[in-house]
Amino acid sequence: MEKESSIEKNVVNSPTPKKEGELCYAEKEDHGEQKQTLRISEESPNPGSNEGLDVSNNQVDVSKDLVSENKKEMNQDDLNSQVDESKDFVSENKLDESKELESENKSEIYQDIKETLSEDKEPEPVFDGTEIAGMEASRSISIHSLDLDTERQGSAWPEKAVALKNFVKEKGTVAVSSVLRVLSGKTDEDAQAAPDDEDKNDTGVKEAVEFPKEGEAKEASQKPVEWSAWNPLNYIKISREGDAENRTQQEAIIEEPVHPVGMKGRIILYTRLGCQESKEVRRFLHQKRLRYVEINIDIYPSRKLELEKIAGSSAVPKLFFNEVLMGGLNEIKGLEEAGKLEEKIDYVISEAPSFEAPLPPLSGEDDLSSSGAIDELAAIVRKMKESIVVKDRFYRVRRFTNCFLGSEAVDFISEDQYLEREEAVEFGRKLASNHFFHNVLDENVFEDGSHLYRFLDHDPIVLSQCHNFPRGILDVKPKPIIEIASRLRFLSYAIFEAYTSEDGKHVDYRSIHGSEEYARYLRTVEELQRVDLEDMPREEKLAFFINLYNMMAIHGILAWGYPVGTLERRKLFGEFKYVVGGCTYSASVIANGLLRSNQRPPYNLTRPFGMRDRRAKVALPYTEPLIHFALVFGTRSGPALKCYSPGNIDQELVEAARNFVRSGGLILDVNAKVVSASKLFKWYSVDFGNTEVEVLKHAANYLEPSVSEELLELLASGQLKVIYRPYDWGLNC
């Protein structure tokens with residue numbers, strides 16, 4: 001026993017060799033049998049270094065346990081023999097196993113870091129939020145709330161940061177740093193430079209993402225920096241200056257977010273729609289980091305009289321620092337040149353406004369959305385809800401919630417309005433035509449008998465998904481759709497002018513959310529519940545639904561947050577809805593059902609409207625291909641945001657197409673014979689032509705004449721290669 005203890009002590013206290021590729025034993029129990037496996041320690045900070053392959057004390061303890069458990073069945077000679085055999089086995093195999101496992105370990109590190117950094121990368125997403133089924137079955141469906149703070153943009157990054165931090169702990173700082181250098185385009189001192197043609201395709205032409213086009217460079221420079229808890233990619237940016245093949249990559253300098261200057265006073269800016277000098281004053285105030293309140297006299301007509309009274313003229317722009325009239329653009333520039341502007345700014349920062357200073361717009365000021373005569377039919381319907389039985393019913397082997405029978409409605413109308421039964425049916429059809437209720441299967445307008453009908457405010461989709469229905473059915477008579485569309489157009493125009501960049505590519509969502517114009521928009525869209533859409537002219541309908549789509553996108557982003565995944569985009573595109581004319585419309589339905597004349601969305605098998613769908617009557621008679629250059633759903637790769645008017649809608653759509661195509665939507669490299677196109681031309685190719693050549697010929701109409709001619713010549717020669725650039729789903733803020 002003493003000899004056995006001595007041997008056991010020698011095994012435990014024997015020095016541990018620290019050599020590259022050192023192997024260790026790991027004991028595993030399986031149904032009472034002991035098995036031994038060899039592995040390289042993954043705790044190494046650098047898998048290729050000597051330190052990362054040291055044998056730990058735990059590994060020696062494994063040998064100790066092995067000896068202890070078997071010492072009763074072994075004599076001293078057998079135990080020594082076993083230890084010697086183990087050491088010989090380690091010595092003979094450690095180099096070969098080390099090299100092989102080291103290579104596999106490095107591959108795993110590179111694969112893990114790429115998976116961690118590209119967690120949200122999705123193959124082939126489509127513009128309307130839909131894609132091939134099963135593409136992202138494992139993705140979370142939750143919608144991240146929109147945090148408009150500059151330091152918290154990019155809501156997906158905190159989770160990635162935790163995953164990446166854990167990865168660093170597991171794989172080692174040195175290993176992760178080497179991978180980040182590879183991703184950033186840098187190499188180690190002892191690494192060889194990558195060949196120039198490494199990123200080229202088979203024809204020797206670089207991929208579309210490599211093109212250093214002027215439009216792309218300009219857009220890239222205007223993209224705001226997204227902030228997160230820890231995002232290593234924030235420290236890397238690609239410089240697109242110079243030729244594509246001589247492009248360099250450099251580390252970005254993270255700029256501090258610009259915050260407005262805190263002030264006790266108040267700055268009021270009077271403007272009007274379409275005023276160029278008002279845009280110049282806005283830009284000037286932004287450069288000075290001065291927070292201001294804008295009063296558009298086209299949106300607030302009563303303020304025009306106020307401006308004439310306090311300033312002596314209704315000319316705009318007019319700028320007030322508290323009660324002090326600063327004047328227009330020329331007066332402000334004059335004060336700056338004279339060196340007196342800083343004194344005025346110090347005054348408004350330090351002094352509170354007096355009672356003589358103009359006031360910001362009040363909630364509901366000059367708002368016509370709540371005005372109008374009371375609808376007598378609404379009072380009858382309210383009484384009708386209290387009298388007839390509304391419950392879940394079975395009809396044609398289906399269950400329908402919150403329904404009533406047509407015969408019960410006829411009984412009520414006959415008794416309440418003192419009408420014969422046939423007259424009561426006609427009166428019921430009048431109520432249905434005013435969108436107070438509808439047939440659950442859209443089989444008829446209203447009939448006597450066992451047909452089932454449902455009130456608009458009892459519809460489960462309306463109650464759960466429609467966001468212009470917060471107070472139920474309005475009691476006022478519905479106004480003409482042309483009037484409501486005109487007011488919505490003015491509000492959209494004012495919002496886009498005041499809270500978007502001049503090129504329409506960047507939106508100030510924070511300021512929109514707190515503006516009175518946006519609050520008025522939310523009240524105005526409630527009036528769309530029971531409007532009549534069927535008699536709208538084509539131009540009015542086209543402009544109205546384009547503007548509504550763009551504002552619905554802003555409303556959805558502010559209400560639900562911007563989606564960070566494909567399933568979340570699908571939800572925002574398909575489940576955020578408005579009630580318009582008694583029917584529900586999502587952004588996807590407006591785009592594909594109405595404006596594309598009931599065409600299937602990309603990668604979908606069905607059309608938005610069925611045979612009996614009432615909304616099919618509202619759809620345009622034919623597809624409008626230029627809408628794709630006007631519809632904006634908050635993405636960076638989308639078109640510029642602007643407002644469209646029915647009087648000049650076709651020309652405005654042509655201008656939008658030119659702006660999109662010439663600013664990077666279609667980029668031609670004549671020397672390489674390659675055209676780089678936006679994914680919109682691929683997803684909606686059926687709207688532009690039957691073949692890829694026809695699509696490019698259609699797009700050539702909106703290029704510069706010289707570029708268009710070169711593109712057509714290459715198409716005729718049959719030597720043109722088409723590459724579709726990845727779509728940037730980032731928020732256009």
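The buried residues of helix H12 are covered by, among others, helix H11 (376–387), strand E10 (398–405), helix H13 (421–433) and strand E12 (452–455). Here a contact means heavy atoms within 4.5 Å, and buried stands for under 20% relative accessible area, with exposed over 50% and partly exposed in between (1.4 Å probe, protein chains only). Helices (H or I, at least four residues) and strands (E, at least two) are DSSP runs, numbered from the N terminus. All of this comes from a predicted model, in which local features need pLDDT of at least 70 and side-chain atom pairs count only at pLDDT 80 or more, while totals for chains, interfaces and linings use all residues. Residues are numbered from 1 along each chain as its sequence is written, and side-chain values use heavy atoms, with hydrogens and water left out.

So which residues of H12 are tucked away as buried? They are Gly-406, Ala-409, Val-410, Phe-412, Ile-413, Ser-414 and Asp-416. In general, an α-helix has 3.6 residues a turn, so residues three or four places apart point the same way.

Zooming out, the protein has 25 helices and 17 strands, and 46% of its 733 residues count as buried. Of the contacts between residues at least 6 apart in sequence, 72% join residues at least 24 apart.

Aromatic rings turn up in 23 pairs across the whole structure. Rings of Phe, Tyr and Trp (its six-membered ring) pair if their centres lie within 6.5 Å; planes under 30 degrees apart count as stacked, over 60 as edge-to-face and the rest as tilted. Phe-629 and Phe-681 make a tilted pair, 5.9 Å centre to centre with 50° between the planes. Phe-629 sits in the loop between helix H20 (587–595) and helix H21 (649–665) and Phe-681 in helix H22 (residues 680–683), so the pair ties together parts 52 residues apart in sequence. Both Phe-629 and Phe-681 are buried. Elsewhere, ring pairs link Phe-404, Phe-437, Phe-446, Tyr-453 and Phe-455 into a cluster.

Finally, Lys-505 lies in the loop between helix H15 (481–499) and helix H16 (509–513). Lys-505 counts as buried because its relative accessible area is 19%, and its side chain reaches the backbone oxygen of Gly-638 at 2.5 Å.

Key:
Polar contact = N/O pair within 3.5 Å; in protein donor to acceptor, adjacent residues only side chain to side chain.
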